[in-house]
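Let's take a friendly walk through this structure together. Have the coordinates open and follow along as we go.

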Amino acid sequence: MNPEDRIDEWARARADAHVPDGFADRVVAAASAATEARTPRLLRAAALTLAAAGGLLRIAAALAIFSSSCAVMR
Amino acid sequence: MAHPTTTAAEARRAADAALARRAAGGDAAAFRALIERYQAPLLAVVRSLLPDLATREDVAQDAFVSAWLHLAEYDPARGAFFTWLVRIARNRARNVRRKRRPDPVAAVPERADPAPGPAADAARADAFRRLDAALADLPADQRAAFALTAIHGLSVAEVAEIEGVPPGTVKSRAARAREKLRAVLAREEMEP
């Protein structure tokens with residue numbers, strides 16, 4: 001067999017691998033665990049965002065009171 | 001993977017896109033269907049990219065988990081699901097190679113080649129072993145270019161995008177890899 005044909009034959013044989021028993025089950029379990037691990041981080045990020053938004057609103061309210069006080073004094 | 005016809009490839013791409021959409025919405029059964037469809041070829045890709053690593057199954061598993069976590073980012077208009085999965089696996093393989101030393105694992109496939117019977121089978125088995133070893137000895141970029149195009153059926157354009165290089169670079173890397181593999185077989189024929 002010429003080398004090119006042999007390489008092509010070998011490449012076809014190597015296109016798939018043996019799948020260990022239970023591989024798909026392990027992937028699904030790992031994906032589920034990764035999703036659960038991710039959720040608290042998302043909740044923390046959401047809580048921080050809300051806290052920052054609340055802080056910005058308070059600053060805006062304080063500035064509004066200050067500027068209306070300045071307007072009244074003029 | 002075999003090279004499917006254009007129509008069959010389009011149908012598969014549409015089916016994968018539908019499964020990916022459902023999986024992105026949290027449908028675990030759809031995700032499992034994708035795993036079962038691509039576990040064998042993805043394990044083969046990881047074996048090609050990391051022939052000297054014993055924990056290839058972990059790398060393939062990590063690639064699937066990463067795909068699950070980032071399914072919302074998969075855009076079927078940009079390419080086939082398997083190509084996207086291979087890109088994830090390729091990035092994982094790069095990270096692993098940077099962090100670890102190779103394990104002293106012989107570059108042999110998990111599935112044993114048929115036991116040599118007649119002389120032709122023995123020659124075939126011997127050639128396959130030499131080619132496995134030669135693939136493992138290639139520089140990583142040549143190995144990836146050759147394996148992803150010649151073994152795993154990705155197009156040059158797809159591999160260029162995965163590797164972040166021009167298509168011409170992929171072609172020349174794959175060509176140099178093939179020359180080296182050819183040379184290995186030529187040396188075998190010259191040996192007494």
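Let's begin with helix H6 of chain B, where the buried residues are B:Gln142, B:Arg143, B:Ala144, B:Ala145, B:Phe146, B:Ala147, B:Leu148, B:Thr149 and B:Ile151. Buried here means under 20% relative accessible area, exposed means over 50%, and partly exposed is in between, with a 1.4 Å probe and protein chains only. H6(B) covers residues 140-151 and is mostly covered, with nine of its 12 residues buried. Just after H6(B), B:Gly153 adopts a positive phi of about 75 degrees. Helices such as this one are DSSP runs (H or I, at least four residues), strands are runs of E with at least two residues, and both are numbered from the N terminus.

A word on what you are looking at: this is a predicted model, in which local features need pLDDT of at least 70 and side-chain atom pairs count only at pLDDT 80 or more, while totals for chains, interfaces and linings use all residues. Residues are numbered from 1 along each chain as its sequence is written, chains are lettered from A and ligands numbered from 1 in the order in which they are written, and side-chain values use heavy atoms, with hydrogens and water left out.

Now step back to chain B as a whole. It has eight helices and zero strands, so its elements read α-α-α-α-α-α-α-α from the N terminus on. Of its 192 residues, 43% count as buried. Among contacts in chain B with a separation of 6 or more, 68% join residues 24 or more positions apart; contact means heavy atoms within 4.5 Å. Chain B exposes about 9,500 Å², and carbon and sulfur atoms supply 55% of that area. Such accessible areas come from the Shrake-Rupley method with a 1.4 Å probe, and for residues only the protein chains shown count as cover.

Some individual positions in chain B are worth a visit. In helix H2 (residues 28-49) you will find B:Ala33, which counts as partly exposed at 28% relative accessibility.

B:Ser66 is buried because its relative accessible area is 10%. Leaving aside residues up to four places away in sequence, B:Ser66 touches B:Ile88 and B:Arg92. B:Asp62 is also placed in helix H3 of chain B, but B:Asp62 counts as partly exposed because its relative accessibility is 37%. From B:Asp62 to B:Asp121 is 59 residues in sequence and 37 Å in space, C-alpha to C-alpha.

Which helix holds B:Val184? B:Val184 lies in helix H8 (residues 167-190) of chain B. With a relative accessible area of 12%, B:Val184 is buried. B:Val184 touches B:Arg130 and B:Ala134, again not counting residues up to four places away in sequence. B:Val184 and B:Arg97 are 87 residues apart along the chain, and their C-alpha atoms are separated by 25 Å.

Chain A is next. Its secondary structure comes to two helices and zero strands. The radius of gyration of chain A is 31 Å, whereas a compact globule of 74 residues would have one near 11 Å; the radius is taken over C-alpha atoms, and the globule rule is 2.2 Å times the number of residues to the power 0.38. Along its principal axes, the C-alpha trace of chain A spans about 100 × 30 × 5 Å. Buried residues make up 18% of the 74 residues in chain A. Chain A exposes about 5,100 Å², 68% of it supplied by carbon and sulfur atoms.

Finally, how do the chains meet? In this model, 28 residues of chain A are in contact with 39 residues of chain B. The area buried between chain A and chain B is about 3,200 Å², with carbon and sulfur atoms giving 63%; buried area is the accessible area (1.4 Å probe) that two parts lose on being put together, summed over both. In chain A, A:Trp10, A:Arg14 and A:Phe23 lose the most area to chain B, together 24% of what that side buries.
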